[in-house]
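Hi,

Here is the structure I said I'd pass on.

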Amino acid sequence: MHSSDAIAAGAAKFPKPADRTFQYGTAGFRMKASLLDSVVYRVGLLAALRSRKLNGQTIGVMITASHNPPDDNGVKLGEMLEASWENHATTLANAKNEHALVETYELLTDNLNIKPEAKSRVVFARDTRASGPHLVTALVEALNATGTESTDCRVLTTPQLHYLTRCINTKGTVYEYGEPTEQGYYKKLAVAFNTAMQGAKFSGPVTVDCANGVGGPKLRELIKHLPSVSDGGVEIKVVNDDIVEPEKLNHLCGADYVKTGQRAPPSSQAAPLARCASLDGDADRIVYYFLDSDSTFRLLDGDRIATLAALFIGDLARSAGLGEKLKVGVVQTAYANGSSTAYIENDLRLPVVCTPTGVKHLHHAATKFDVGVYFEANGHGTVVFSDLALKRLFKYEPKSPAQSSSLNTLRALSHLINQTVGDALSDLLLVEVILAHKGWGPKEWDQTYTDLPNRLVRVEVADRNIFKTVDAERKLEKPEGVQALIDGLVGKYKQGRAFARASGTEDAVRVYAEASTRGEADDLAAKVAGIVKSAGV
Ligand code: 16G
Ligand code: MG
């Protein structure tokens, strides 16, 4: 069959719901799984186009809705798409029937100078949601219709799929990333972890809540590759790893539950001062927390992981003799607590860059540093080493045993930390390594600086799209006059800071405020929310 006939025939099996308009956002497409058939089919077409455009480079496609409820699902390309390709995704998804779709597909092929005869290759995976296997059939239909060579990697975490894609695309080059298998992923992490742990010692277990998602079985698999507790390994207690009952996914557990509600999952049995961590539904996000001696809940979020990593890596670079040659920098968003930014700038003496929300913005900014540490407060993040930094790191001849030991740890970290995207499993091991080296429990980690009290408010308005931001989302440009009102308020609060931005994933505007006391932060947030509400009607 001619490919356009095949594409039309496939599309007819997965018709677009007439009353829906879809948009490729920061998290790809995400919604009720029952609405996604046509969208996934069209993302399959997009992946084929993208791969042909890149001369047969392998493209990853992930079917997941991360921290959303079990009935939702979503789909996104593994790489971080440029805005123009997000628009192509949106255009394909909204073509109203199979004829319009074929027309759009052919138009894109022409406009983007894509050679229809070029090879296209896709690898894909899904999380543990019940709707996953059915959506995979829509994806496969599109890949077959476009003559794409595809590999079904079945159930994986999002970062594992990113890992595989990078391994495949770098195989046989100087940038070879690793063995392109799931086992290869565990082995790489385990070897790096063992090396990074030399000279350090664990105290006590870490309990990891896996949100009843794909992180559960994958963490259990990873543990099999790590040294046992009797051999000095870290004791990882896995909880909330039920993937048999799909309705349990992200229910009363997981990173989003913990971060949004600032509370431990009700299932948590951890004793005071014991380390706890929660992953999200596709394991690309992690937060830590603990109960203080008086049983108050203390969150160690993405800001804390970033500051811990920047502190440790900055010290290692200096003690390895590479302080001048490895410039460490930190990337945050406006949601980062003001105290964390002050700590990085004033105590760690490292530069901080602020970007708009969304992993791709942070990732991009982080690649500008030799070693770029980036985390969103919600726990998405990683540390990226530039090619030049890696070259310096692996070429450098240590001048003393102390330099040599720091150098070994730093080299191991460059393998342990997932370079493709934030990875909850890799980040977990990174934090464990650092705490073990420093001999710190969660309390010592928490005491590095004191968070400013803050409040996040969700405001529903008639049309959130009228709220336009500038300056990395820290200022509102539109509606006109609103920013002046916010500025007028903020000035009245000690250490006050507030901003409002339209959510990219929900139909609402989010308001963030912080100030020197709980009462002031709450008051400022409520007043800014009031301003947004009146501007949004
Ligand atoms: C998406 C983003 C996440 C961001 C969140 C903000 C990726 C992979 N995910 O989940 O980084 O924090 O959106 O949500 O980029 P919001 O726009 O609703 O506040
Ligand atoms: Mg996620």
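Let me start with the rings: Y163, Y177, Y185 and Y186 are joined into a cluster by ring pairs. One of them, Y177, also has a charge over its ring, with the charged end of K188 sitting 3.6 Å from the ring centre. Bear in mind throughout that this is a predicted model. K438 and W440 make another case of this kind: K438 lies over the face of W440, 5.1 Å from the ring centre.

How many aromatic pairs does the structure hold? The count is 12. Y335 and Y512 form an edge-to-face pair, with 85° between the planes and 6.0 Å from centre to centre. That pair links distant parts of the chain, since its two members are 177 residues apart. Y335 is in the loop between β11 (328–332) and α11 (338–347), while Y512 belongs to strand β19 (residues 509–514). Both Y335 and Y512 are buried.

Next, the annotated position. UniProt lists S66 under "active site", though the entry is unreviewed. You'll find S66 in the loop between β2 (58–63) and β3 (72–77). Is S66 buried or exposed? It counts as buried, because its relative accessibility is 4% and the cut-off for buried is under 20%. Leaving out residues up to four places away in sequence, S66 touches R30, D127, R129, N250, D280, G281, D282 and D284.

Then there is helix α17 (residues 482–490), whose buried residues are V482, Q483, I486, L489 and V490. Why do they end up on the same side of α17? Because they cover an arc of only 125° around the axis. As for what the buried residues of α17 pack against, the partners are β17 (475–478), β18 (497–502) and α18 (518–535).

Last one: L291, in strand β9 (residues 286–291). L291 counts as partly exposed because its relative accessibility is 25%, and that class runs between the 20% and 50% cut-offs. Setting aside neighbours within four places in sequence, L291 is in contact with A270, P272, L273, T296 and F297. R263 is 28 residues from L291 in sequence, and their C-alpha atoms are 9.8 Å apart in space.

Cheers

Methods: Residues numbered from 1 in each chain as written. Chains lettered and ligands numbered in written order. Predicted model: local features only at pLDDT ≥ 70, side-chain atom pairs only at ≥ 80, totals over all residues. Heavy atoms only, no water. Helix = DSSP H or I, 4+ residues; strand = E, 2+ residues; numbered from the N terminus. Buried < 20%, exposed > 50% of the residue type's maximum accessible area, 1.4 Å probe, protein only. Contact = heavy atoms within 4.5 Å. Phe/Tyr/Trp six-rings, centres within 6.5 Å; stacked < 30°, edge-to-face > 60°. Lys NZ or Arg CZ within 6 Å of the ring centre and 35° of its normal. UniProt positions renumbered as here; feature names shortened; annotations may be inferred. Arc of directions from axis to C-beta.
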